[in-house]
Amino acid sequence: MSIEVFWDELNILEIEKRDNLFISVVNIENLLLAKETGFPTFLLKQISVVSDELPGIVRDRIACIRGRLKFKDNCTEEELEENIFNYINTTGCRRPTDKFSINIQVN
Amino acid sequence: MNQDIENYRKDGFIDLNSYISDNLSVLTYPYYIDGYEDKNFWLKVKKEGEEKYVYVKPKENVYLNGEYNLYSELLYEELLKQAGVNTVHLDVGKYDGEYATLSENILKDYSYNQFIINGNELLECKRYNTSDEEYSIEDIIGAVHDYCASEYIDKDVENKCVKDIEKACIADIFALSTDRRANDFDFIVGNDENDEAVIELAPLSHNTYCLGSNFDTDEIYDMLEDDDMLADRVNLCYFDAGVPEDRREYEYPYWEDTLYYLVDKDEENLDFARSCANNMNIDEAIKNVEKRIDSKIPYEYKEFVRVIWDNRLQNICECLGLDYLKIMDNKYYQKELEEVECQ
């Protein structure tokens, strides 16, 4: 599974899940472009290159989707997972006050 | 084309279910922070001829008392205005038969590269050994200082942001706020029109538990009958943004510790606390809210709010060395003066 984090249209971070590890890679060129348009690099300071949990920037955005979709659709675990992926890729988990969006791909 | 949301106002409240079912282009986004608030959502609406996003907080997911919570949020908005603290303007609606508050997106101008992060995100970046609920006021202010140092933000902008946090906390203490977690502080960050990095405290918008709305109806009736019980319970309302643990009087964050910490830190904070004591007027706030929603706040809650407000004000006056009776006399005198002027 891989997750891309966008700042507007710029892909600034890719997270690859291998076994139980989350490996984060910063796209330096895009990060520098994003910085010019107001992206605070401070927000990436909490991200470990290799970690056993998702970076907060992603985790916080998808945390309650699970509960919400389950509540809404009352679906099975498999359906729920598919719904979550669809939901993330359709909306990008982007709020009206946010500039981050998230894309998720299952390998 | 969506219809204007104002067309759906009935008896002062916007009928959100009818609006959503009649306007198919409406989009909703879940709020993402935590499971407790996952019934809150964003709604794209047409208002005054423009498309806007509004944030809807149905009161069904409020811990104890949804109806009182609606009034407490509206009253606190009025009190914050009286104190000169920046706050979001709340509208009222009904969703699935429950009361709901609606607030417009704080970000009005998208031409600049600005967005909102909350205090918890700042704390996470700094890797403070703390959580959303167990943080101290020094943690959040420290995180703002670190953010400013990292983004080369102007000292004046930084100081204003810190000062706004401190003032918000003082106002919270007056209003017996028991829910100012780190993620309840929103910050507008990014670049301004001159491409300079900025940070400012966004208008206060997460004012869910204040003015006694954390008590249930039975407790409220009991407290109204027992002055001692009321005084104890009101005094023991904890305040999330406490001082660091080693400086706490009790195990939990206590409002008095935070108030002393803030007023000792800076003369400006002391002046602000004094101005809150003099300018915040609960009767005026009640009058304005009843006018806004075009109906009466339930009598028992109104009485309860008046009593707990006075109780907290007396305690704060004691802490700050202010003359409570003189403050009340001034307020009474001003009210009489306004009435005479009206006649």
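Begin with the second largest pocket of this predicted model, which has a volume of about 500 Å³. To find its centre, select B:Asn281, B:Asp283, B:Glu284, B:Lys331 and B:Lys335, which lie nearest to that point among the 21 residues of the lining. Then colour α9 (267–279), α10 (282–293), α11 (299–320) and α12 (324–342) of chain B, the elements that each give two or more residues to the lining of this pocket. Colouring the lining by residue class will show seven nonpolar, four polar and ten charged residues.

Stay in chain B and select helix α6 (residues 217–225) together with helix α7 (residues 227–235), which pack with their axes 5 Å apart at an angle of about 120°. That angle makes α6(B) oblique to α7(B). To see the contact itself, show the side chains of B:Glu219, B:Asp222, B:Met223, B:Leu224 and B:Glu225 on α6(B), and those of B:Asp227, B:Met229, B:Leu230, B:Arg233 and B:Val234 on α7(B). The residues of this contact divide into five nonpolar and five charged, with no polar residue.

Now move to chain A, where the secondary structure comes to four helices and five strands. Tracing the chain along its sequence, you will pass through these elements in the pattern β-β-β-α-β-α-α-α-β. If you colour chain A by accessibility, 49% of its 107 residues count as buried. Finally, display the contacts in chain A between residues at least 6 apart in sequence, of which 46% join residues at least 24 apart.

How values were computed: Residues are numbered from 1 along each chain as its sequence is written. Chains are lettered from A and ligands numbered from 1 in the order in which they are written. This is a predicted model: local features need pLDDT of at least 70, side-chain atom pairs count only at pLDDT 80 or more; totals for chains, interfaces and linings use all residues. Side-chain values use heavy atoms; hydrogens and water are left out. Axes are lines fitted to C-alpha atoms, for helices over the stretch in contact, and angles run from 0 to 180 degrees between N-to-C directions. Angles under 35 degrees count as roughly parallel, over 145 as roughly antiparallel, 65 to 115 as roughly perpendicular and the rest as oblique. Contact means heavy atoms within 4.5 Å. Ala, Val, Leu, Ile, Met, Phe, Trp, Tyr, Cys and Pro count as nonpolar, Asp, Glu, Lys and Arg as charged, and the others, Gly among them, as polar. On a 1 Å grid over the protein atoms alone, a cavity is a set of points where a 1.4 Å probe fits but cannot get out, and a pocket is an open set with protein on both sides within 12 Å along at least five of seven lines; lining residues have an atom within 4 Å of a point. Grid points are joined across faces, edges and corners, and a volume is the space filled by probe spheres set on the points. Buried means under 20% relative accessible area, exposed over 50%, partly exposed in between (1.4 Å probe, protein chains only).
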